[in-house]
Every structure is written in C-alpha cells, then in structure tokens.
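Reader: I have a model open and some labels to check. Can we take them one by one, each against its cut-off?

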Amino acid sequence: MFEAAYVEQATSYDQIEEIRVEGTWCLGTCPRYIASIQPDDNYLFCGLKFTRLNGPQTGVLPEHSFQALIETLRDNDFLSRNSVEYGG
C-alpha cells in the first residue's frame with residue numbers, strides 16, 4: 001500500500017488550508033481512502049475500498065487538532081517536500 005500526504009500550494013505553514021492523506025492501491029486488500037482535515041477541525045473521510053466505512057463521512061475532531069498537525073508538519077520540515085509517500 002502507498003500512502004501520500006499532501007499540503008498543496010502552501011509556501012508557509014500559515015497558508016495551509018487543508019491537510020489530506022490518501023491510502024491508495026496495493027496488490028491485495030489494502031484500504032483505499034481519502035481523509036482531509038480543515039483549520040476549523042472539521043474532517044472528511046471517504047472510504048473507497050476495503051474500509052469499514054464506505055463513502056463520505058464527516059465530523060469534527062477535538063479542538064486544535066488541525067493546529068497540532070501543522071506543528072508536526074513544521075517540526076518535520078514537511079514543506080520542503082512536494083508530497084510524501086510511504087510504501088508498505
């Protein structure tokens with residue numbers, strides 16, 4: 001399975017308007033999904049294949065979740081990359 005995290009068109013952490021993670025294909029039953037979180041801590045999860053929940057699911061994460069993710073991105077110098085992919 002490959003997962004990719006995207007923060008598009010941002011040159012500083014203050015410009016990030018969405019964080020999106022995608023679980024993509026593999027040769028077996030790896031889950032395929034798209035998950036995104038907004039600055040107001042609202043999220044969208046869309047299960048595409050081999051997920052417990054299929055289709056779009058929305059909700060609100062605990063307060064300051066988006067900001068905590070931004071801090072993690074900053075601590076790991078994420079903006080120096082266009083995207084990050086992990087193979088498993």
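Author: Start with the disulfide. A disulfide here is a pair of cysteine sulfur atoms within 2.5 Å. By this rule the count comes to one. Keep in mind that the model is predicted.

Reader: What makes cysteine 26 and cysteine 30 a disulfide?

Author: The S to S distance between cysteine 26 and cysteine 30 is 2.2 Å. The cut-off is 2.5 Å. The pair therefore counts as a disulfide.

Reader: Why is the disulfide of cysteine 26 and cysteine 30 called right-handed?

Author: The torsion about its S-S bond is about 105°, so the disulfide is right-handed.

Reader: How many salt bridges does the structure hold?

Author: Two. One joins arginine 20 and glutamate 22. The other joins arginine 74 and glutamate 71.

Reader: How do you know that arginine 20 and glutamate 22 form a salt bridge?

Author: Their side chains meet at 3.0 Å, N to O. The cut-off is 4 Å. The pair therefore qualifies as a salt bridge.

Reader: Are arginine 20 and glutamate 22 buried or exposed?

Author: Buried means under 20% relative accessible area. Arginine 20 has 19%, so arginine 20 counts as buried. Glutamate 22 has 17%, so glutamate 22 is buried too.

Reader: What makes arginine 74 and glutamate 71 a salt bridge?

Author: The closest N and O atoms are 2.8 Å apart. With a cut-off of 4 Å, arginine 74 and glutamate 71 therefore count as a salt bridge.

Reader: Where do arginine 74 and glutamate 71 sit?

Author: Both are in helix H1, residues 65–75. They are three residues apart, so about one helical turn separates them.

Reader: On to aspartate 41. Why is aspartate 41 called buried?

Author: Its relative accessible area is 7%. The limit is 20%, so aspartate 41 is buried. Aspartate 41 lies in the loop between strand E3 (32–37) and strand E4 (42–49).

Reader: How do you know that aspartate 41 has no salt bridge?

Author: The nearest side chain of opposite charge is arginine 74, 14 Å away. The cut-off is 4 Å, so aspartate 41 has no salt bridge.

Reader: Which backbone nitrogens does the side chain of aspartate 41 reach?

Author: The backbone nitrogen of histidine 64 lies 2.8 Å from a polar atom of that side chain. The backbone nitrogen of serine 65 is reached at 3.2 Å. The limit for a polar contact is 3.5 Å. Both distances therefore fall within that limit. Not counting residues up to four places away in sequence, aspartate 41 also touches others, including Val60, Leu61 and Phe66.

Reader: What is the phi of aspartate 41?

Author: Near 70°, a positive value in a residue other than glycine. Phenylalanine 50 also has a positive phi, about 60°, although phenylalanine 50 is not a glycine. Phenylalanine 50 is in the loop between E4 and E5.

Reader: Why is valine 60 called exposed?

Author: Exposed means over 50%. Valine 60 is at 58%, so valine 60 counts as exposed. Valine 60 belongs to strand E5, residues 55–60.

Reader: What does valine 60 contact, leaving aside neighbours within four places in sequence?

Author: Asp41, Asn42 and Tyr43. Valine 60 and asparagine 42 are 18 residues apart in sequence. Their C-alpha atoms are 4.3 Å apart.

Reader: Last label. Why are phenylalanine 50 and glycine 28 called partly exposed?

Author: Phenylalanine 50 is at 43%, between the 20% and 50% limits, so phenylalanine 50 is partly exposed. Glycine 28 is at 41%, so glycine 28 is partly exposed by that rule. Glycine 28 sits in the loop between strand E2 (19–23) and E3.

Technical notes
Residues are numbered from 1 along each chain as its sequence is written. This is a predicted model: local features need pLDDT of at least 70, side-chain atom pairs count only at pLDDT 80 or more; totals for chains, interfaces and linings use all residues. Side-chain values use heavy atoms; hydrogens and water are left out. Buried means under 20% relative accessible area, exposed over 50%, partly exposed in between (1.4 Å probe, protein chains only). Helices (H or I, at least four residues) and strands (E, at least two) are DSSP runs, numbered from the N terminus. Lys and Arg count as positive and Asp and Glu as negative; His and the chain ends are not counted. A polar contact is a pair of N or O atoms within 3.5 Å; within protein, one must be able to donate a hydrogen and the other to accept it, and residues adjacent in sequence count only if both atoms are side-chain atoms. Contact means heavy atoms within 4.5 Å.
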